[in-house]
Amino acid sequence: MKNKIKICICILVALLTITGTQVQAATGYTYDHRGDAIYSTEGLTVNETPYLASTLGLNPDDLNSPSDLFVYKDDEGTLIYLLDDSKDTLFVFNDQFQLLQRVSHLRYNPNELYATDPSLVQTKTSNESSKPTGLIGDADVLNLNTPSGIHRAVNPNTKEDLIYICDKGNHQIVVFKADSYQEENPETKEGSYQVYQVVSAPLEQLGKNTFDPKEVLSDSAGRIYVIADKINDGIMQFSKEGQFNSYTGVNYVTLSAWDIFWRNFATQAQREKMTTLYNTSFTDMVYKDHMLYTTSYAISVTKEVNDGIMIKKINPSGKDVLRRNGYNAPKGDNKYIKTDDGKGTYGPSKLESVTVNEYGVYTVVDSNRGRLFTYDNEGNLLYISGERGDLIDKISNPVAVQYLGEDLLVLDKNRRAIIKFEPTKIGSLINRAVEQEYNGRTTREEPKVNTRTKTWWIGKEDTKIAFSEQEFYEQDGTWWIGDTNTGIEAEELAAVDYWEQVVKLNANYEYAYIGIGKMYQNRGEYKQAMKYFKLGADRYYYGKAFKQYRDAKIRKYFGPVVITVAVLIVGGVVFSAVRRKKLGIKREEETGIGDE
Amino acid sequence: MKEKCKIVGQKIVQFLKFFYEEVIKFPAYILAHPLKGFEEFKRYKKGKVSVSLIFMVLMIIVNVLSFQYNGFLVNDNEIKDLNTLSQIAYIVGIILVITVGNWSVTTLFDGKGNMKEIFMMVCYCLYPLIWATGVGILLSNVLAQDEMALFTLVIALGGFLTAYMFFFGVISIHEYGLIQCVLTILATILAVLIILFACLLFFDLFQRMYGFIYTIYQEITLRDLL
């Protein structure tokens, strides 16, 4: 008896050690198809100490109040632009975070300006903490004043490589050419750019000193888009020449029927006591493929909160075309405590910034709970990462997020640091899957089996691999299955291969099941497809697979069933007829007897 | 032994006959001839409490089954949310509340039916709904997304027929005219709402009282007064 128990314990221990090895991702959460929070894995994680002033090669007080971050990528490499609005300085780093440029003033020549009225250009007049601003006059240096937004883009028409800075304290936008940089002090890397254009306040719309630009970018036609403080009419659109065109993408306040009802009955005095409703202004925007991705705070109407349009994708004509095909509409946290109950954080996510990568995946950062929400092109919530806290790698007051390749940089104003998030294993797999779906490679053909050698392969026959049994692993930036000698490169894999791996790591990841279901659907294995669509809670695709499955069943069994039924009916009729005949004769005989 | 078997067999046959006659045939007759049917139901005592209880149990069973086995295309429920006890309480509660509501209204409006008859009538009215839900379970597992209108139709038809039966049931049981019947049904709905409100209020008050007593108990035990 004792021996048996010992053996049992040994087996149990062995099982535990075998099964308990794979878990490595931090536990996070996500929202399931019903909108409830469930356990899940984090997609992004901090692996290295955040970049502080000291690690960036700056003086400690250089980075007192970082205000914006921009990652620029071209053929020559990647540059990271960092603004600080207390020292009024622009720092430029390469992708290894080595300081390349430090710009605190710009060269100014009124004769070399493009489409600018020199009489409106302003500059910081002294270095006092109140930062007074004044007209530049005939000075040859323009000092930035509280710069708060930066953007760099090449105009595809004119090939001008321009950098835009929101010079908030001077109430203007300063533009300069990226190639006009001159280094002045190689020791401290100090240098300056030549001012190319200054966009001043549109005087027909705003007062001269009420124009406080916060974010800026330019589109493929060279038009300039500006988000300014205290402007509730939308994003300001300027022509290439700095002339104000129009507002675009307004966040209109929408009242619920209930609110309209009450406001109808409210007296003047009551109405004055109610909170005035403004259209919310935007917090950030980013430009990708002719579309503006924007974030803004939720519109709060008394107790009702309209959190549906916090993330928008604005097309050139100003319409919101963000796809919301996921289980829940993209809006940060899906469920939250609505009103202050005295126990801590409440209210919807406060989205501060947004960034988009090459395959349409966008991440927003929430300053309310310090979280990063990543969505794909279709609006599916991919993963939630990060948290609020007092440790150095927790998010406290995020002001900007930017993709740096696959990594994500978060600029935190309180931490005075750039926090670098890297994809976890599952995060990386999800990204690959989404990328392949974005490129249209959702499924691939079924692996073929060489029955003689018992090997599986897809694509060309000479790249034979042991297929679905093998784990994925990453080497030199690409994903492989099998080993590097016999494995195939990630290029040949389709989204479904990655989804299968994702589900192995996290069975709670519902969206992946839809991807797997699509593969079975394509292969005509409708029963399997139905199973996976059910797991993924996708009624649309389930309905399609189910119909195929049912019709196939009907086609298969219709003939036999009809024949059987016909045979039964005919048989029954014949049988009863024969029986009746026999009985009839008998009954006649019987009745005959009975009558007598 | 043989005798016993025979007796048991006979009993089974008897039960099946009873089941067919009372649970399937007679309610269908009422459904087809509501006034005549309820006349027989009341005057000739063809309605039976046992059959009413069978209907109630069937309704509970069918409801639980539809929660679990309705096709995925129309079924939003998750199996972990299935609570049979609450389903039972739900059905029994609704039937009782309607019965009490109708009874309290009709005693004021000179209705001729007593509580037992009203209860039986309400249970018999579930007949079409039970069929519809049952057929719905089958249909929802066979129909595709774009054919689901049929499923909706069946369920809606079940609900409509149940209301139809209830309407004529109220007329016959209480020997009412048409307008009086409509008024009574409206009043019944109001009574049901009032009963629910009273229940809620009672529940809330009870909870508060319990909380109050519990606080006192806690205070006393923590202060070592005992």
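On a 1 Å grid over the protein atoms alone, a cavity is a set of points where a 1.4 Å probe fits but cannot get out. A pocket is an open set with protein on both sides within 12 Å along at least five of seven lines, and lining residues have an atom within 4 Å of a point. Grid points are joined across faces, edges and corners, and a volume is the space filled by probe spheres set on the points.

This is a predicted model, where local features need pLDDT of at least 70, side-chain atom pairs count only at pLDDT 80 or more, and totals for chains, interfaces and linings use all residues. Residues are numbered from 1 along each chain as its sequence is written, chains are lettered from A and ligands numbered from 1 in the order in which they are written, and side-chain values use heavy atoms, with hydrogens and water left out.

**Cavities and pockets**

The structure holds four cavities of 30 Å³ or more. Ala, Val, Leu, Ile, Met, Phe, Trp, Tyr, Cys and Pro count as nonpolar, Asp, Glu, Lys and Arg as charged, and the others, Gly among them, as polar.

| Space | Volume | Lining residues by class |
|---|---|---|
| Largest pocket | about 980 Å³ | 19 nonpolar, 10 polar, 11 charged |
| Second largest pocket | about 740 Å³ | 12 nonpolar, nine polar, seven charged |
| Largest cavity | about 110 Å³ | seven nonpolar, three polar, two charged |
| Second largest cavity | about 90 Å³ | six nonpolar, six polar, one charged |

The largest pocket has about 980 Å³ of space. It is lined by 40 residues, with Phe70(A), Val71(A), Lys73(A), His151(A) and Tyr287(A) closest to its centre. Strand 4 of chain A gives the most to this lining, six residues. Strands are DSSP runs of E, at least two residues, and helices are runs of H or I, at least four, both numbered from the N terminus. Domain 1 (64–254) and domain 2 (281–421) of chain A both contribute, so the largest pocket lies between them. Domain bounds come from an automatic or database domain assignment.

The second largest pocket has 28 lining residues; Lys534(A), Phe72(B), Asn77(B), Glu78(B) and Ile79(B) lie nearest its centre.

Residues lining the largest cavity include Tyr31(A), Tyr327(A), Leu381(A) and Tyr509(A). Domain 2 and domain 3 (435–547) of chain A both supply lining residues, so the largest cavity lies between them. Tyr31(A) and Leu381(A) are also among the residues nearest the centre of the second largest cavity.

**Aromatic rings**

Rings of Phe, Tyr and Trp (its six-membered ring) pair if their centres lie within 6.5 Å; planes under 30 degrees apart are stacked, over 60 edge-to-face, the rest tilted. The count is 35 aromatic pairs over all chains. Phe15(B) and Phe18(B) have ring centres 6.3 Å apart and planes at 40 degrees, so they are tilted. They sit three residues apart in helix 1 (residues 2–32) of chain B, about one helical turn. One cluster joins Phe26(B), Phe38(B), Phe41(B), Phe55(B), Tyr124(B), Tyr127(B) and Trp131(B).

A charge sits over a ring if NZ of Lys or CZ of Arg is within 6 Å of the ring centre and within 35 degrees of the ring normal. Arg539(A) does this to Phe72(B), 4.4 Å from the ring centre. Lys350(A) lies over Tyr297(A), at 5.7 Å.

**Helix 5 of chain A**

Buried means under 20% relative accessible area, exposed over 50%, partly exposed in between (1.4 Å probe, protein chains only). Eight of the 11 residues of helix 5 (residues 495–505) are buried, so the helix is largely enclosed by the rest of the structure. Among them are Trp499(A) and Val502(A).
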